[in-house]
Amino acid sequence: MELNESGSEAVECTLDLESTEGLENTAEWKGIIEAILFTMGESVPLEKLAAVLELDKEKAKAIITQMMSDYEKKNHGIQIIELDGAYQMCTKKQMYEYLIKIARQPKKQVLTDVLLETLSIIAYQQPVTRMEIEKIRGVSSGHAVNKLVEYNLVCEIGRLDVPGRPLLFGTTEEFLRSFGVNSIEELPQPEPEQVEEFRHEAEEELEIRMKV
């Protein structure tokens with residue numbers, strides 16, 4: 001397609017995009033461009049986008065220009081910007097305040113049965129080493145302890161004065177706040193029957209694991 005003095009190439013390109021067949025193809029091309037820009041996160045040169053679409057650069061640019069216009073006209077929170085011949089999908093400036101608000105919201109902590117079991121051992125046995133936790137649980141507990149430290153429910157409170165000086169773990173103030181108690185002494189004490197039941201269940205579980 002050749003340019004003339006009136007710029008007919010751009011007009012013909014636009015007409016192609018608006019034809020019946022062009023509309024169908026354009027919708028697919030827009031979807032491909034959108035997926036690429038969203039996934040990449042950074043700017044992507046026009047040449048690479050055109051190569052993926054198997055289009056010449058002029059037609060690829062016309063499609064991207066349409067997309068840029070669509071994102072600006074409609075009530076979208078994102079936009080496509082041009083950076084020295086490359087294109088990038090990013091958030092509109094007017095949305096920044098909402099992103100800051102969501103980033104400041106505390107993350108919901110999900111305590112699985114494994115984490116609760118490990119946390120209970122630490123709470124009632126503290127100060128306690130990881131090896132002691134694993135002896136009670138009968139399984140490796142490194143991941144669970146690390147997760148509880150990440151949630152700020154457990155922290156390192158020192159080292160045991162024995163060869164190797166293993167770390168000692170205990171609960172934090174965040175633990176007290178989360179469970180609504182003022183001190184460890186206020187934690188509910190299980191009945192002797194419950195302790196015996198838990199011990200029996202743990203022994204049975206350990207025997208099963210040993211057989212496997």
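Tutor: Two strands pair when DSSP finds at least two bridges between them. The model here is a predicted one.

Student: How many bridges join β2 to β3?

Tutor: There are 6 bridges between β2 and strand β3, residues 86-91, and the two run antiparallel.

Student: Next, a helix. Which residues of α8 are buried?

Tutor: Buried means under 20% relative accessible area. In α8, residues 142-150, that applies to Gly142, Ala144, Val145 and Leu148. These residues lie on the same side of α8, because they cover an arc of only 165° around the axis.

Student: What covers the buried residues of α8?

Tutor: The cover includes the helices α6 (113-125) and α7 (130-137), along with the strands β5 (154-159) and β6 (167-171).

Student: Which exposed residues does the face turned away from the buried side carry?

Tutor: On that face of α8 are His143, Asn146 and Glu150. After α8 comes asparagine 152, with a positive phi near 65°.

Student: Why does cysteine 90 count as partly exposed?

Tutor: Cysteine 90 counts as partly exposed because its relative accessibility is 23%. Cysteine 155 is also classed as partly exposed, at 26%.

Student: How many disulfides does the structure hold?

Tutor: The number of disulfides in the structure is 0.

Note on methods: Residues are numbered from 1 along each chain as its sequence is written. This is a predicted model: local features need pLDDT of at least 70, side-chain atom pairs count only at pLDDT 80 or more; totals for chains, interfaces and linings use all residues. Side-chain values use heavy atoms; hydrogens and water are left out. A disulfide is a pair of cysteine sulfur atoms within 2.5 Å. Buried means under 20% relative accessible area, exposed over 50%, partly exposed in between (1.4 Å probe, protein chains only). Helices (H or I, at least four residues) and strands (E, at least two) are DSSP runs, numbered from the N terminus. The arc is that of the directions from the helix axis to the C-beta atoms. Contact means heavy atoms within 4.5 Å.
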